[in-house]
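Hi everyone, thanks for coming.

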Amino acid sequence: MHLEIDEQVKSWLLSKGEHITVKTIQVSACCAPPIQDLMTHLGKPKDIHNYHEFKVDNISIFVEKHLLLKEKLTLKLGGMSIFKTITAKL
């Protein structure tokens with residue numbers, strides 16, 4: 001898997017604990033087909049056996065195993081002040 005992470009994301013993650021988890025979530029509605037999207041959260045996953053671990057400059061990125069390893073994963077920092085979050089895109 002090719003990881004694309006800019007310096008802002010790296011420095012923010014290093015200040016927050018050096019671990020991030022990327023997983024899929026499925027959103028269902030009564031009148032629309034289900035949608036899958038990526039979700040990130042700080043820290044290690046509870047069950048690390050279901051994740052691939054990638055190291056980038058002392059940062060551990062845990063990605064769910066079922067995500068395609070041939071894809072490019074991009075992590076971006078968004079938001080302001082205490083409301084900053086990291087988004088993931090394939």
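Let's start with a pairing: strand 2 and strand 5 run parallel, and 4 bridges join them. To place one of those contacts, look at Ile20, whose bridge partner in strand 5 is Ile61. Please keep in mind that this is a predicted model.

Strand 5 also pairs with strand 4, this time in the antiparallel sense, over 6 bridges. Here you can find His52 standing opposite Val63 of strand 5. The hairpin made by strand 4 and strand 5 has 2 residues between the strands, and Asp57 in this hairpin takes a positive phi near 50°.

Now for the core. Which residues of the largest nonpolar core touch the most other members? They are Val22, Ile61, Leu73, Leu75 and Ile86, out of 19 residues in that core. At least two core residues come from each of these elements: strand 1 (2-5), helix 1 (7-16), strand 2 (19-27), strand 4 (51-56), strand 5 (59-64), strand 6 (72-78) and strand 7 (85-89).

Let's finish by zooming in on Leu75. Leaving aside residues up to four places away in sequence, Leu75 touches Val22, Ile61 and Ile86, among others. Its other contacts include Glu4, Ile5, Asp6 and Val9, along with Thr40, Thr87 and Ala88.

Key:
Residues are numbered from 1 along each chain as its sequence is written. This is a predicted model: local features need pLDDT of at least 70, side-chain atom pairs count only at pLDDT 80 or more; totals for chains, interfaces and linings use all residues. Side-chain values use heavy atoms; hydrogens and water are left out. A nonpolar core is a set of buried Ala, Val, Leu, Ile, Met, Phe, Trp, Tyr and Cys residues joined through side-chain atoms within 4.5 Å. Buried means under 20% relative accessible area, exposed over 50%, partly exposed in between (1.4 Å probe, protein chains only). Contact means heavy atoms within 4.5 Å. Two strands pair if DSSP finds at least two bridges between them.
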